Amino acid sequence: MTRQREVLPPRYEPGKFEKEVYDASERAGYFTTPDAAEGDRYCIVIPPPNVTGALHMGHALNNVIQDVLIRYHKMRGAASLWIPGTDHAGIATQNVVERELMETEGKTREDLGREAFVERIWKWKEKHGGRIIEQLKRLGCACDWTRTRFTLDEGLSRAVREVFLRLYERGLIYRGEKLINWCPRCETALAHDEAKHRKIPGKFWDIKYPVKDEEDTFIVVSTTRPETMLGDTAIAVNENDERYRHLIGKTAVLPLLGRELPIIHDEHADPEKGTGAVKITPAHDPDDFEVGERHNLPRINILSPDGTLNENAGPYSGLDRFHARERILKDLETQELVAGERDHEDYEVPHCYRCQSIVEPYLSKQWFVKMASLLEPAIEAVKSRQVRFIPERYAQNYLNWTEARIDWCISRQIWWGHRIPIWYCDDCPPDEDGSEYAFASADAPKSCPKCSGTNIRQEEDVLDTWFSSALWPFSTMNWPEEHDLLKNYYPTNVLVTARDIIGFWVARMVVMGLEFMKEKPFDHVYIHGTILDEKGDIMSKSRGNGIDPIEMIDLYGADAVRFSLMILSTEGQDLKLAPTKFELGRNFTNKLWNAARFVLMNLASTSETAESEVIYEPEDKWIMHALSKTVATYHDEIKNYRINAAAMALRNFTWDRFCDWYLEIVKRRFAGPDDISKYTAYRVCGYVLDILLRLLSPFMPFVTEGLWRQLKELSDGAPGMAESPALMTARIPDANEIPTDRGAYAAIEETIEVIRLIRAVRGDYNRQISEKLGAREPLPEALATSDDPAQIERLKNNEALIKLMAKVKKVTIEAGISEPKQAAAKVSGPLSVFVPLEGLIDFEAERKRLQNEKTKLEKNLQGRRNKLRNRDFLTKAKPEIIEREKGLVAEMEKEFAKIEKSLANIGE
Ligand SMILES: [Zn+2]
Ligand SMILES: [Zn+2]
């Protein structure tokens with residue numbers, strides 16, 4: 001009597017299971033890694049998501065990659081540490097809380113005042129800031145949560161002040177009045193790369209400026225932003241320009257305001273461009289700023305911080321910048337001073353990366369980091385490949401950014417962030433250039449170090465959020481303290497991130513790491529692709545085309561989401577995603593579950609089979625050899641960050657080799673009378689499943705953990721299982737630890753090929769053969785031959801297997817067999833397989849049927865091909881229609897080839 005033990009439910013239900021497995025692992029301390037560790041170490045610091053954030057697909061991809069790497073290295077025996085945390089995200093978070101304050105209480109942040117408003121944000125953070133962490137847990141991330149950091153926590157704030165102070169003392173931080181990018185919506189300065197250039201509809205207006213004391217003489221300039229004319233302080237022309245040479249040194253009159261503008265010569269005026277004359281507005285255009293420097297022109301700022309025009313704008317003051325533009329154009333037209341107007345086809349303007357408002361070049365006093373000397377070693381580190389980008393091509397993005405050597409504007413006029421550790425003294429006299437006396441201090445000072453006066457006040461501005469993010473790899477390890485973490489885990493192994501923050505963040509981390517740790521922050525920078533929607537558009541909230549990872553986890557399970565993302569994302573390539581793509585992971589999870597359940601149920605009945613000798617049969621040696629090969633590939637792919645290839649290797653082995661072949665082959669041994677054979681099959685199944693679950697564990701930690709628990713229970717202390725309390729702490733073996741047998745492997749591979757070919761013939765004529773024989777009946781006969789005599793011998797040894805798996809009554813394997821009449825033939829390399837079909841199918845009728853089908857298909861195909869060549873159709877039809885048409889044609893072409901092949905088989 002066989003004891004049927006119900007070891008697992010028939011269907012895998014991730015919902016019930018995941019939380020239990022995750023919580024148990026966390027409670028058991030499997031995610032924590034000690035400060036000091038012996039032996040191999042592996043470390044990643046998480047790209048901290050914004051504390052306001054909700055997990056999106058980009059995060060999911062980014063974090064699953066890191067989790068796979070962390071779990072993999074843990075299971076390879078390294079002390080493997082993943083430091084998590086969140087970013088305070090200055091502007092973004094302030095915007096969220098400001099909006100909420102307005103919606104709920106109708107108040108602005110000014111109504112509350114700085115202290116109360118910042119207090120409000122902290123409260124918001126306590127309440128909502130943990131959401132993304134919880135979501136990362138749902139995804140299965142094995143972060144060391146005991147080390148969770150926040151860019152505004154006390155330790156990190158100390159690191160920020162320390163870095164600021166050291167740079168300041170070395171003269172690398174300065175305050176200067178410069179033209180910076182200003183967001184009138186956020187009312188703050190932005191760094192040069194926080195303003196994203198985007199194309200919008202634009203126009204050129206040609207405006208006539210009268211020349212003073214010359215009747216009816218005008219000088220015409222073109223502009224895309226007419227309102228900035230109110231800040232003009234000169235007109236520039238080129239001295240080589242015949243049209244204007246005589247006007248140099250004369251004076252033009254600014255329309256509307258009547259300001260006198262010198263007409264100067266400057267190279268910036270290009271005779272080939274526009275009218276050849278340019279208005280110079282030093283306070284509102286970076287090029288003009290330079291011209292102004294060369295000619296000592298006054299800078300007239302016409303904007304208030306909120307984007308309205310200030311008192312310098314005369315009658316237009318108080319108007320919003322875009323409203324002012326309309327009014328100015330109208331007034332100019334009334335005075336007949338508009339000479340022309342035309343569309344600007346390539347009008348690109350900078351937009352705030354946080355709120356998408358159009359950014360203005362704006363003259364203001366800001367704090368800057370002098371970057372040139374700091375960037376040199378960071379450039380060198382990547383050029384010499386001490387820091388290596390994967391894929392390699394992204395090194396160029398990094399170099400483009402760093403080699404521009406632009407000073408970093410670090411002050412932000414917001415309240416949420418690290419307040420700049422600079423104090424001004426009101427008792428000390430100002431410097432020669434009129435600026436107040438300032439000093440830096442890491443701790444809050446009580447008095448002025450110069451005059452000992454107590455009339456000191458801290459700088460109002462806060463630091464750019466990226467200033468603290470730049471220190472992340474070492475500030476999270478308790479720098480400036482000399483901590484064991486730093487000693488043991490810095491530099492980290494890899495940074496996993498997206499390409500859009502290579503400059504913002506990756507480069508600045510390298511700069512700061514090299515400067516303050518004297519060592520790069522990471523060996524590798526792995527840049528993964530961007531997740532797009534089905535049509536190839538970027539997913540965004542405003543478009544509403546995002547896919548919520550948590551919804552997908554609820555629907556398909558975390559393992560399915562993880563595995564799908566890993567298998568679909570090829571190194572560095574963008575990934576088009578639709579919710580249905582997660583079925584791929586779900587189907588694989590189910591396949592694994594069913595196979596494992598089958599094995600476990602059989603193992604549960606091993607107690608019925610007396611412990612016996614283990615004698616491997618050819619298929620046992622074959623599956624272990626195939627496993628060893630898979631393990632070798634797996635290690636190699638992961639080492640080279642081809643994570644999808646590793647996932648693919650596992651999927652193929654599991655689905656094809658293990659489930660569809662090995663388990664099918666050994667089924668009969670489970671049911672058979674030979675105890676040794678049965679026992680051996682149990683052992684091999686258990687062994688392969690054990691290794692397979694280990695290999696899969698980094699990719700799909702939940703289902704594998706559950707299956708492994710059962711396996712462990714049933715394997716009573718099998719080697720390598722007893723000593724590990726859980727799968728995630730078990731070891732992934734080397735390929736050479738798994739028994740191999742090259743000869744047995746090759747022999748079964750060939751046998752499988754023969755079986756496949758016979759099955760393919762049956763597939764081709766399945767309808768007719770089934771009608772004649774019945775669907776489950778075996779074929780009467782098959783013949784196989786090979787050009788290689790040794791192969792024939794090997795195949796003969798596996799004749800029984802061929803009969804069993806290909807479902808054939810009689811198999812003849814001999815040298816020199818030629819194709820019998822009325823048979824189907826299949827060839828693969830030196831192998832030929834023939835299946836006599838006489839009596840099984842009516843050749844004449846079949847030929848007719850196929851020919852009819854061929855003619856019909858040919859006509860249809862011709863019509864569609866013509867359509868796809870039709871220009872009219874191609875220009876007018878929607879892209880998705882064209883795509884569908886192309887897909888249809890490809891399908892039909894395949895079908896056509898199949899018919900032709902069948903016809904050839906039975907002889908036309
Ligand atoms: Zn903004
Ligand atoms: Zn003082």
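Four donors are counted as tetrahedral if all angles lie between 85 and 135 degrees, donors being N, O and S atoms within 2.8 Å of the metal (3.2 Å for Na, K and Ca), with water not among the atoms, so that sites may look incomplete. The structure is a predicted model, in which local features need pLDDT of at least 70 and side-chain atom pairs count only at pLDDT 80 or more, whereas totals for chains, interfaces and linings use all residues. Residues are numbered from 1 along each chain as its sequence is written, chains are lettered from A and ligands numbered from 1 in the order in which they are written, and side-chain values use heavy atoms, with hydrogens and water left out.

By this criterion the site of the zinc ion (ligand 1) is tetrahedral, with angles of 101 to 117° among its 4 donor atoms. The coordinating atoms are the SG atoms of Cys183, Cys186, Cys352 and Cys355, at 2.2 to 2.4 Å, and along the chain these donors follow the spacing C-x2-C-x165-C-x2-C. Cys352 is buried, at a relative accessible area of 0%, while Cys355 is partly exposed at 22% (buried means under 20% relative accessible area, exposed over 50%, partly exposed in between, with a 1.4 Å probe and protein chains only).

Because Cys428 lies in the loop between β20 (422–425) and β21 (437–440), and Cys451 in the loop between β21 and β22 (456–458), the pair ties together parts that are 23 residues apart in sequence; strands are DSSP runs of E of at least two residues and helices runs of H or I of at least four, numbered from the N terminus. Cys428 is buried, with a relative accessible area of 10%, whereas Cys451 is partly exposed at 33%.

How values were computed: Tetrahedral: all angles 85-135°; square planar, octahedral: opposite > 155°, others 65-115°.
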